Each structure stands twice: as C-alpha cells, then as structure tokens.
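Open your viewer and keep the selection panel at hand. This is a walk through a model, stop by stop, with a note on what to look for at each one.

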Amino acid sequence: MSDAWTDGYNMAVLGKTQTGKTSTTRELHAESPRVSIWLNGSGKDRVESVPGETVQSIDGLRRALANNSYAVELVTSDRRAMIVDLQTYLWKLADRADRDLPMQVVVDELQHVAPQSNSPDLPHRDAVRTFAKQGVKRGIKFVGITQDPTAVDKQTLRQSEYRLIFEMSNENRTSSVVRRMGLDWNAVEEGDRYTGTLHDDGGNVLERNVRASENYA
Amino acid sequence: MSVSPADVAEAPDDSADGPDGPDSPEGPGASSSPTTSTWKEMLFSTEPSEDLGQVESPWNPDRGGITRVYRGIKKMLNVNGIPAIADVAIGVAEWVTGMDLEGDAQEGESDDESAEGLPEQFGGGGGV
C-alpha cells in the first residue's frame, strides 16, 4: 500500500452510486495496518459486508479493542449521536496511547453525518470537523465517502489530504466545491469502469485505476 | 506500530466471550440487561411498517376518523410507524379489555367490534 492508504492524513472518497467507492473503502478498512472503525447505519441503512468485528456501542468497541481487533464495524441506528461519542472516546484512547496508536474512522454517506449547514449547533457535524481538523495530530485518519460532495460540510471536505475520485455526475463535477479541488478529470475519465483516481489536495494524480480486489467487490 | 489496541483499551468489566452481533445484546458475557441505548432502540422501533404515504386516505368513510388520528400521530412523531412501546401498551389494553368483557359476551362483542375498528398497524393484534 502506498503512503496515502496507510498514513494519517484524511481521505475523501467521491463518486456516483455503484462506481466502486464502497468496495474500495471496504478493502482499505480490512487491510489497513491502522485500527479501523467503520461507523455503519443499521437496518436498511447498513452497508453490507463490512469486514471486522461488529459492535453496537462504545462499550462494545472498547471490548473489541481490548481483544486486539483491528477492524471494527460499529453499527447504530443513530450515527449522528454515535459520532459524537466516538470522537470523545477516541480522543481519550489517543491520549492514553500517547498518540502512538494509528487509527482510522470510516463514514459512508458522509453528508448525513456532517451536512453542509449554517446552523451553529450541530454536534455531529462539529464532531466530524474535530476528526478532520485535529485527528491527524492524534494519529486518527478520517475517511469520508459521499455521492454528493456539495451536501457535505465544506470545512470537513477541505481537510482531506487525499481525494479518491470515481465517476461523478456532471452536476457535482461542475459544482464550486469540486472545481476548487482542481482535479484531473482527464485522468478520471481515462480510468477503467469501477476504478477511482487518487489525487492529493493540490489536484495531482497519485494513483490511477484504483479498484477493489474481487473479494471486497 | 509500537502500541496495540489491547494495550490501551480499557479491560472489559465482564469477560466477553465473543463479538457483538447486529441482532443480539452485546456479547454473551455482557451485563444481564441491554444497555440504555439498546432499550431505547427496542422500545421506539417503528419497523417494519408501511410508509406514511401508504396509509389509506383518511377520507375513506369506512375507516372513519381513527385513520386520520393515526396519520396525525405519525406526522407529529415524524416516523413511518407506531413505536413498539405503543404497540405493546395498546395491545395489552385491548387484551385486558377483551378478558373483562367475557362475562357480558353478547353486548361486549358488539361493543368490541366497533371499538376494534383500529387498523392493524395501530397494534390491533398486539404484535411487537
């Protein structure tokens, strides 16, 4: 794995539905050397086949980590409440580890947890902002997946060092949020179907044809 | 990496024998009652149920005003179904009422029939 997948800098995974975003991120979640926690919805909102130990609360997460689990699926019906608790817990964990435990938090459909809003009082959005802005210092990498970057909190998106871009709707491609990323759309369009193009925050292409392995697809 | 998660995660209070499952309380070795969040999720679960948009028109005279009441409650609560705790409470009330009316079966039955014009979704059946 290149540094982008293993280092502590945040990653945004963007693209239309059924383009390979979630499969690729599932592989990242399973194969990363970091302790990876996937915050998943429950019921019909649950992303299927997320690898790792499944828990339903922070207490369960604590037990999983005490058992040395490196990939954990945290399932909840209220991701907005849980992200706040998760941020609080991981901050304590990072301090206890003296910031020497590499961790990773994965959130699919990020726009539902960190929506773009002018409201001052959105604890779930603020928790994600905290991950995005201060997680790196604590060894916590934040990986956010979305089909609609225009609906995601701008401050959060701006903190992504890496942008993994899959096929995107024209509406999103031409939005100001995405245009400011300065992505190489030629590289994206030249890519094979169900593959993504990895950029840094300067719009430089780092990897082409990023694709999940068969067993994660 | 120099530190493992087991080094820094607090030891569990009980000896958990296995991972949590998505449809089960947390671990066989967990405390005897579900956590507060699990209880809350259970009591206020509204699944499975029909979508708000599929509730029959309140103007249907055969269903009367109770359908409108049901629809209004769902709008107020912003849910697509009646919470499980309400199903339980209403079902118990209906069950108890049915038992009390055994001694006056003839009149009671006709009264029950009009009272039990509740839609199935309102817990008339007592299912959870």
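What pLDDT does chain B average, and what share of the residues score at least 70? The average for chain B is 58, and 25% of the residues reach at least 70. Keep in mind throughout that this is a predicted model, with an ipTM of 0.79 and a pTM of 0.67.

**Stop 1: chain B by confidence**

Colour chain B by pLDDT and select residues 5-8, which form helix 1 of chain B; confidence in the chain is highest here, at 90. Now jump to helix 5 of chain B, residues 105-115, where confidence is lowest, with a mean of 44. Next, select residues 12-33 of chain B: the pLDDT is below 50 over this stretch, and the model gives it 35 contacts beyond near neighbours in sequence. Residues 100-128 of chain B also stay under 50, with 27 contacts beyond four places in sequence. Where pLDDT is low, the predicted coordinates should not be read in detail.

**Stop 2: a nonpolar patch on chain B**

Show the surface and select Leu43(B), Ile85(B), Val88(B), Val92(B), Trp95(B) and Val96(B). Together they form a nonpolar surface patch with about 490 Å² of accessible area. Which helix supplies the largest share of the patch? Helix 4 of chain B, residues 84-100, contributes five residues. An α-helix has 3.6 residues a turn, so residues three or four places apart point the same way. Leu43(B), for its part, sits in helix 2 of chain B, residues 36-43. Leu43(B) counts as partly exposed because its relative accessibility is 32%.

**Stop 3: chain A as a whole**

Of its 217 residues, 58% are buried. Among the contacts in chain A with a separation of 6 or more, 69% join residues 24 or more positions apart. Chain A exposes about 9,200 Å², with 40% of that coming from carbon and sulfur atoms.

**Stop 4: the cores of chain A**

Select Leu61(A), Ile83(A), Leu86(A), Leu90(A) and Phe131(A): within the largest nonpolar core, which has 47 residues, these touch the most other members. Helix 4 of chain A, residues 79-96, gives the most to this core, with eight residues. Apart from this core lies another of 16 residues, including Val47(A), Val50(A), Leu164(A) and Val210(A).

Centre on Leu61(A) and display its surroundings. Leaving aside residues up to four places away in sequence, Leu61(A) touches Ile37(A), Val55(A), Val72(A), Leu86(A) and Tyr89(A).

**Stop 5: a covered helix**

Go to helix 2 of chain A, residues 21-31. How many of its 11 residues are buried? Eight are, which leaves the helix mostly covered.

**Stop 6: two loops with positive phi**

Most residues other than glycine have a negative phi. Select Glu109(A), whose phi is positive, near 50°. Glu109(A) lies in the loop between strand 5 (103-107) and helix 5 (110-113) of chain A. With a relative accessible area of 23%, Glu109(A) is partly exposed.

Finish at Tyr194(A), with a positive phi near 60°. Look for Tyr194(A) in the loop between helix 10 (185-190) and strand 8 (196-200) of chain A. Tyr194(A) is partly exposed, at 40% relative accessibility.

Note on methods: Residues are numbered from 1 along each chain as its sequence is written. Chains are lettered from A and ligands numbered from 1 in the order in which they are written. This is a predicted model: local features need pLDDT of at least 70, side-chain atom pairs count only at pLDDT 80 or more; totals for chains, interfaces and linings use all residues. Side-chain values use heavy atoms; hydrogens and water are left out. Patches are made of residues with over 30% relative accessible area and no salt bridge: like charges are joined within 9 Å, nonpolar side chains (Val, Leu, Ile, Met, Phe, Trp, Tyr) within 5 Å. Accessible areas come from the Shrake-Rupley method with a 1.4 Å probe; for residues, only the protein chains shown count as cover. A salt bridge is a side-chain nitrogen of Lys or Arg within 4 Å of a carboxyl oxygen of Asp or Glu. Helices (H or I, at least four residues) and strands (E, at least two) are DSSP runs, numbered from the N terminus. Buried means under 20% relative accessible area, exposed over 50%, partly exposed in between (1.4 Å probe, protein chains only). Contact means heavy atoms within 4.5 Å. A nonpolar core is a set of buried Ala, Val, Leu, Ile, Met, Phe, Trp, Tyr and Cys residues joined through side-chain atoms within 4.5 Å. pLDDT is the predictor's confidence in each residue, from 0 to 100.
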